[in-house]
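Welcome! Here is a short tour of a structure that may be new to you. Take a moment to look it over before reading on.

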Amino acid sequence: MVIDAERCKGCALCVEFCPTDVLALSSSFTAKGYHPPEIVRPEACSGCDLCGMYCPDFAIYGYRL
Amino acid sequence: MHADPAGVLTGAHFIDGDHACCEGALAGGCRFVAGYPITPSTEVVERIALRFPEVGGVFIQMEDELASSIAIAGAVWGGKRAMTVTSGPGFSLMMEHIGFAIMTETPCVFVNVQRGGPSTGLPTLPAQADMMQARWGSHGDYELIAVCPNSPQECFDLTIKAFNLAEQYRVPVLVMMDECVGHMMERVVIPKPEEIEIFPRRWTKAPLDEYLPFAPGEDLVPDMARAGQGYRFHMTGLTHNEKGYPDMTVSGQARLLGRLIDKIKKNAAALTDVVEDQVDGAEAVVVSYGITSRVAQKAVQAVRAKGLRVGSLRLRTVWPFPEHLIRDLATKVKAFIVPELNLGQMVREVERCAQGARVVSVPHAGGTVHDPAIIVQAITEALR
Amino acid sequence: MSVENPVERYLRSDRMPHIWCPGCGIGTTVNCFTRAIDESGIPMDRLAVVSGIGCTGRVAGYMHVDSFHTTHGRAIPFATGLKLAAPDMKVVVYSGDGDLFAIGGNHFIHAARRNLDMTVICVNNLTYGMTGGQLTPTTPEEAIASTSPYGNFEHPFNLPYLAESCGAVYVARWTTYHVTQMKKAMKEALLKKGFSFVEVISPCPTLYGRRNRIGDSLDEMKTYKTRSVIKNGADTKEVDLGMTGPIVVGKFVDRERTTYQDAMEAFYSRKLGNRYVRASQ
């Protein structure tokens with residue numbers, strides 16, 4: 001999973017719809033003042049890329065190695 | 001480049017101006033027409049519908065004039081030379097896409113066979129009352145090209161010319177016919193294909209990753225790509241930069257509009273197309289265009305027979321207006337007489353350039369042509 | 001990092017970030033669209049995206065293919081000319097509900113009637129976003145919009161029913177919650193010969209969602225999740241949308257009809273024989 005925090009606008013769709021609860025909204029701010037997601041359970045990521053499909057800002061995606 | 005023989009009906013024909021316009025389009029390389037029926041222009045698309053399947057053209061009758069006037073833009077970006085054809089009310093609906101073609105530098109041709117207006121007005125009766133709409137009808141600042149034939153032969157010739165100018169300058173070119181010229185039957189001579197000059201599309205030769213779709217050449221006109229070549233270009237009706245990306249800034253607007261206007265304005269002399277008759281030494285000059293120029297000619301002959309020195313200046317290109325010619329003449333003549341089938345449109349342009357010379361409008365609300373005697377009277381009074 | 005975001009090669013990355021609001025569903029549809037193109041096997045250089053005006057109208061400008069941002073409501077007739085001039089292109093019209101069905105409604109019904117070979121994707125956010133949240137032909141009854149401040153009393157269009165009635169050969173509706181189904185529908189639409197139509201119900205949290213007290217994008221997505229009922233093959237007469245109640249989603253229509261161009265060529269060949277000259281590319 002890759003996050004491009006500076007594209008993120010903090011809508012949290014990726015956090016909500018991740019089927020394995022990999023993500024949480026970070027307490028940090030982007031340059032524009034949004035809270036981007038952060039990876040809290042990296043081992044749980046299946047690389048399904050649902051986050052990438054949901055993200056309205058092209059700021060995150062998953063992949064399988 | 002010369003005309004594709006497939007579209008050229010070489011020989012002498014006895015046809016009306018609408019049909020001649022159709023043949024001009026075919027000879028001029030037009031292979032896509034979208035139209036919507038409206039009197040008195042319909043004969044153009046009727047003949048197109050008949051002729052196109054035999055020459056590899058595509059005609060589609062769209063659901064309205066808005067659709068027609070942007071379908072042609074789509075076809076142009078797909079690689080075709082394209083036109084649409086209409087009359088008064090349809091021309092009003094097409095205004096937005098004249099602006100779109102200007103902004104996106106889409107070379108295309110709009111034919112308007114003028115009838116009386118406003119609104120539904122006078123179907124099948126003539127007028128020349130859309131001349132200012134042709135120039136100013138779309139919103140925003142712009143320049144374009146409009147030509148004005150006065151015979152079926154010129155409907156053929158000037159339609160070819162319209163396609164060539166559209167490609168050369170990447171602007172919409174308007175063919176401003178009128179009901180009389182459109183429905184008048186006369187001898188039309190169609191030359192051999194090799195005698196018809198064609199200005200080809202300005203295809204870009206840029207490498208795929210270096211192409212800037214709206215970066216102009218020295219003549220301020222950019223080279224063009226079409227869909228499917230791999231350029232993956234973008235075009236928009238928004239104010240844009242050389243990449244074609246939106247650039248809605250004060251400087252972006254000034255830069256783009258400046259160029260779009262300059263590419264026509266700076267070539268106004270080259271675009272001038274007039275027919276002068278005994279203008280040198282004239283005391284007065286009759287300025288006319290389209291069907292009215294033929295009535296005016298009768299009047300000019302009549303006053304010359306009475307010994308008056310009267311010249312005639314007929315505009316074949318009406319936009320850009322040949323203002324340098326009028327300014328020059330204004331220092332030499334006493335008066336301009338401007339008969340037209342409207343209540344005073346192009347006369348405003350003459351007034352703007354007349355610099356003190358007298359300007360006499362000879363208006364007519366439309367429905368028929370002027371009585372030449374009215375023009376005779378106007379000339380006589382102007383010189384009294 | 002060698003694996004790239006799958007959407008990236010379809011984007012004009014030099015134009016990112018885009019102008020859409022936080023939580024706007026349009027970007028979600030673009031993710032699904034680009035993955036659908038990938039899976040369809042259609043080469044990028046054979047794909048053109050045409051948009052009208054509005055928030056969704058900006059999609060064309062972000063897509064790194066031949067892309068055309070036209071005038072309000074007229075993406076379909078532009079696409080008609082483009083497709084007829086360049087038949088080897090896959091032409092996709094990508095626009096919003098106001099653009100396609102209010103000002104552009106006439107063109108939609110006629111393109112469907114003609115069965116022009118193109119895909120129309122409508123991001124239906126039930127409002128005009130770009131101009132500040134006015135009523136559109138798809139705004140549900142009772143919904144608040146800036147031009148229906150007391151609520152909407154007009155009956156809205158049922159887009160799948162409209163599309164089917166007019167002749168579309170493929171009709172599907174999903175919401176931005178249904179990303180995998182949406183992607184699949186877009187792929188099927190891209191590969192379908194003829195006039196294919198995909199409606200995507202999408203959140204406009206800034207205007208529609210806020211005015212109608214739905215909450216933010218996430219809240220609206222949760223309502224899609226709870227309200228949606230998947231009914232593939234549903235009778236499109238019965239898929240009207242209201243403020244509340246079920247959102248019927250699924251693939252509703254998948255049928256065969258001769259396309260405009262095939263009909264034209266077959267007809268002229270029959271009528272004119274070898275006098276007929278097919279348009280060259």
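Predicted model: local features only at pLDDT ≥ 70, side-chain atom pairs only at ≥ 80, totals over all residues.

Residues are numbered from 1 along each chain as its sequence is written, chains are lettered from A and ligands numbered from 1 in the order in which they are written, and side-chain values use heavy atoms, with hydrogens and water left out.

**Salt bridges**

- A salt bridge here is a side-chain nitrogen of Lys or Arg within 4 Å of a carboxyl oxygen of Asp or Glu. By this rule there are 44 salt bridges over all chains.
- B:R201 and B:E167 form one of them, with 2.8 Å from N to O. This pair links distant parts of the chain, 34 residues apart: B:R201 sits in the loop between β9 (185–190) and β10 (234–236) of chain B, and B:E167 in helix α6 (residues 152–169) of chain B. Helices (H or I, at least four residues) and strands (E, at least two) are DSSP runs, numbered from the N terminus.
- Are these two partners buried or exposed? B:R201 is buried at a relative accessible area of 8%, and B:E167 is buried at 2%. Buried means under 20% relative accessible area, exposed over 50%, and partly exposed in between (1.4 Å probe, protein chains only).
- B:R304 and B:D277 form a salt bridge too, their closest N and O atoms being 3.1 Å apart. The pair links distant parts of the chain, 27 residues apart, with B:R304 in helix α10 (residues 291–305) of chain B and B:D277 in strand β11 (residues 274–277) of chain B. B:R304 is buried at 19%, whereas B:D277 counts as partly exposed at 22%.
- In chain C, the side chains of C:R9 and C:D38 meet in a salt bridge of 3.0 Å, N to O. C:R9 lies in the segment before α1 (26–40) of chain C and C:D38 in helix α1 itself, 29 residues apart. C:R9 is partly exposed at 42%, and C:D38 is partly exposed at 35%.
- Salt bridges with shared partners also join C:K184, C:E188, C:K192, C:K251, C:D254 and C:E256 into one network.

**An enclosed strand in chain B**

- Strand β15 (residues 335–339) of chain B has 5 of its 5 residues buried, so it is largely enclosed by the rest of the structure.
- Both faces of β15(B) are covered: B:A335, B:I337 and B:P339 are buried on one side, B:F336 and B:V338 on the other.
- β15(B) pairs in the parallel sense with strand β12 (residues 284–289) of chain B over 3 bridges, where two strands pair if DSSP finds at least two bridges between them.
- Strand β16 (residues 358–362) of chain B pairs with β15(B) in the parallel sense over 5 bridges. Here B:P339 has B:V362 in β16(B) as its bridge partner.
- From β15(B), the chain crosses through helix α12 (residues 346–353) of chain B to β16(B) in a right-handed β-α-β crossover (with the strands pointing away from the viewer, the path from the first strand over the helix to the second runs clockwise).

**Two helices in chain B**

- The axes of helix α3 (residues 65–77) and helix α4 (residues 88–103) of chain B come within 8 Å and cross at roughly 30°.

Notes:
Axes fitted to C-alpha atoms, helices over the stretch in contact; angles between N-to-C directions.
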